[in-house]
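Subject: Structure for your attention

Dear colleague,

I am pleased to hand over the structure below.

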Amino acid sequence: MSAKSELPLLLLLLLSSSTAPTTAAADYVLYKDPRASIEDRVSDLLSRMTLAEKIGQMTQIDRIVAPPDVVRDFFIGSILNGGDSAPKNASPSMWADMIDGFQKAAFETRLGIPIIYGTDAVHGHNNVVGATIFPHNIGLGAARDEDLMVRIGKATALEVKATGVPYTFAPCIAVCRDPRWGRCYESYSEDTEIVRSMSKIILGLQGSPPSDHPKGYPYINTATGVVACAKHYAGDGGTTGGINENNTVADYPTFFDVHMRPYIDAVSMGVSTVMASYSSWNGVKMHANRYLLTRVLKREMGFMGFIISDWEGVDRISTPPGSHYRDSVRAAINAGIDMVMVPHDYPRFIGDLTDLVNSGEVPMSRIDDAVTRVLRVKFVMGLFEKPMADRSLGPVVGRREHRELAREAVRKSLVLLKNGKPGGRPLLPLDRRAGKILVAGSHADDIGYQCGGWTITWAGGPGDITNGTTILQGIKKSVSMRTQVVHNEKPDAKFLQTNSGFSYAIVVVGEKPYVESGGDDDKLELPKESLETIETVCGSVRCLVIIVSGRPITIETHVGSMDGLVAAWLPGSEAGDGIADVIFGRYEFQGRLPRTWFRRVDQLPMNVGDERYDPLYPFGFGLEMGLQLPKRGPRIRSAPFTSSSTALSSWFQI
């Protein structure tokens with residue numbers, strides 16, 4: 001070929017090489033580039049979005065109303081399962097299949113923004129049969145062990161992540177000031193400082209941000225962490241009469257000091273989301289409180305994640321709920337709610353919010369701020385790079401190491417309230433070589449009862465609802481092979497007359513599972529049959545009474561008949577082994593009361609520091625058996641407390 005004939009070919013090659021970068025540049029999408037900064041990616045994606053796509057990102061719907069066409073057509077940003085809409089008896093891989101299916105539908109939208117799926121994993125991955133169920137928060141508040149909290153957070157995050165779920169609505173950092181509140185067991189303590197300390201679970205759930213991490217900016221370890229949610233902002237534990245979703249009456253300094261300081265810590269730890277409370281502060285619904293949501297939380301605390309509503313929380317701004325819905329949507333979004341847990345009637349919410357923006361009643365700047373926050377969290381958590389479930393994590397759900405951790409948490413949460421009658425010898429530790437023992441009570445052999453609410457279903461329930469070890473099973477595993485263990489749930493006087501020779505009895509009684517308003521209780525009494533069992537058994541045999549409950553209950557008139565009394569709270573799936581570890585003396589009691597144990601309900605609300613403070617057992621109380629065991633870690637200590645009550649030791653340390 002001649003040089004002259006080569007010239008057109010050279011020109012063609014030069015032309016094609018010069019146009020290649022232009023074509024590549026045209027295909028480049030900044031928000032899809034993981035090398036770009038998160039804020040640049042958020043800004044780029046936001047600039048490409050229509051109003052419909054933005055409002056879709058602000059919408060969270062229940063999985064049962066989320067077929068692929070709904071996710072696609074409404075550009076849905078988030079999906080959740082309510083307490084009773086979780087997949088039934090589903091394996092980790094079945095959960096992952098479901099959530100990956102939602103993601104595939106989201107990828108088919110114009111911009112391909114992945115959804116964020118949320119669940120209430122509040123004491124372990126508690127909607128999954130076979131997952132590790134840790135003690136509820138009140139028990140962890142009794143343990144007062146920050147390192148334990150971080151480890152529980154990490155274990156929970158792994159089990160949640162193993163099912164494809166990237167987001168848990170936990171932890172609850174409410175400060176419960178009245179045990180009549182049906183959610184009191186979701187609170188670590190009546191004391192703000194203990195709640196602040198236990199909120200370190202966030203570092204386990206999300207991961208620990210580096211020292212130079214910007215204050216208030218969300219942080220998630222994308223390899224091991226899940227998105228956490230500090231809830232319920234704010235004052236949900238201080239309502240009048242302990243009534244759920246009621247009004248908290250307090251001046252701002254008191255309200256801030258008691259109920260809001262845990263959120264400062266949560267924001268400092270990089271918590272990614274905050275859930276607004278159903279309750280009101282001085283008559284103003286929290287979901288519509290612009291001062292607390294926007295000025296205080298977002299501006300003064302510097303929170304840069306997103307605020308999510310509670311389940312139909314926007315509906316409940318009005319009375320009755322759902323009336324004046326359009327006005328409620330306007331109030332909530334303008335107050336600072338960024339994502340709305342609808343969860344069912346999403347067309348109404350999306351339609352009303354669209355109309356409010358078009359009419360100017362909700363400014364576009366507010367929509368852009370909300371969507372910016374939602375997208376920021378999605379980018380921080382690595383959802384655009386790894387939206388699908390990590391199938392390699394499946395075996396971690398309920399694994400032995402996590403159950404051993406839950407067992408440790410049970411041991412550390414138990415509070416010894418009484419050990420021996422006046423002038424008599426201590427009952428504990430129990431003799432594991434005794435010839436014959438009686439185990440009685442409604443809660444001795446029931447996994448569901450020992451786990452409480454928020455377990456497999458929303459309200460929880462009795463029976464073998466998940467894997468674990470009952471208290472009776474733990475006792476049987478711990479005693480000598482020669483020990484005869486007789487189990488009778490409700491022995492009567494005739495049974496005790498015809499069955500003699502018991503060395504001692506263990507009576508396990510408590511509250512039946514409940515959640516939220518269903519747990520509001522102005523009597524706080526044990527069931528009649530439980531009280532009868534205590535009196536019948538303890539009147540005939542030396543007895544240890546173990547109370548399984550989400551809060552202190554009225555027991556003063558029955559304490560005298562008991563030789564030993566232990567508060568076990570709601571200890572979860574590993575209660576049997578954890579309780580047996582301590583009552584038989586392999587470990588010492590470490591728990592201290594996270595809240596005041598009152599004498600009578602007419603004393604309530606009564607909290608440590610009150611002018612009139614006359615408890616049965618004071619905040620921080622907890623006996624030890626005096627065992628000579630190796631030290632197993634540091635204790636949280638404070639100044640000693642003195643009491644004239646004969647039921648208390650004269651000096652003790654928290």
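A salt bridge (a side-chain nitrogen of Lys or Arg within 4 Å of a carboxyl oxygen of Asp or Glu) joins the side chains of Arg326 and Asp355, at 2.7 Å from N to O. This pair links distant parts of the chain, as Arg326 is in helix α12 (residues 325-335) and Asp355 in helix α13 (residues 346-358), 29 residues apart. Helices (H or I, at least four residues) and strands (E, at least two) are DSSP runs, numbered from the N terminus. Arg326 is partly exposed, with a relative accessible area of 25%, and Asp355 is also partly exposed, at 36%. Here buried means under 20% relative accessible area, exposed means over 50%, and partly exposed lies in between (1.4 Å probe, protein chains only).

Please note that this is a predicted model, in which local features need pLDDT of at least 70 and side-chain atom pairs count only at pLDDT 80 or more, while totals for chains, interfaces and linings use all residues. Residues are numbered from 1 along each chain as its sequence is written, and side-chain values use heavy atoms, with hydrogens and water left out.

The structure holds 49 salt bridges in total. One of them brings together the side chains of Glu408 and Arg151, at 2.8 Å from N to O. Glu408 is buried, with a relative accessible area of 15%, whereas Arg151 is partly exposed at 29%. Glu408 also forms a salt bridge with Lys412 (2.7 Å, N to O). Both residues lie in helix α15, four residues apart, about one turn of the helix. Lys412 counts as buried, at 9% relative accessibility.

Turning to the strands, six of them form an open sheet with mixed pairing, in the order β12-β17-β16-β15-β13-β14. Its edge strands, β12 (415-419) and β14 (484-487), each pair on one side only; two strands pair if DSSP finds at least two bridges between them. Strand β13 (residues 436-440) runs parallel to β14 and is joined to it by four bridges. Val439 stands opposite His487 in β14.

Yours sincerely
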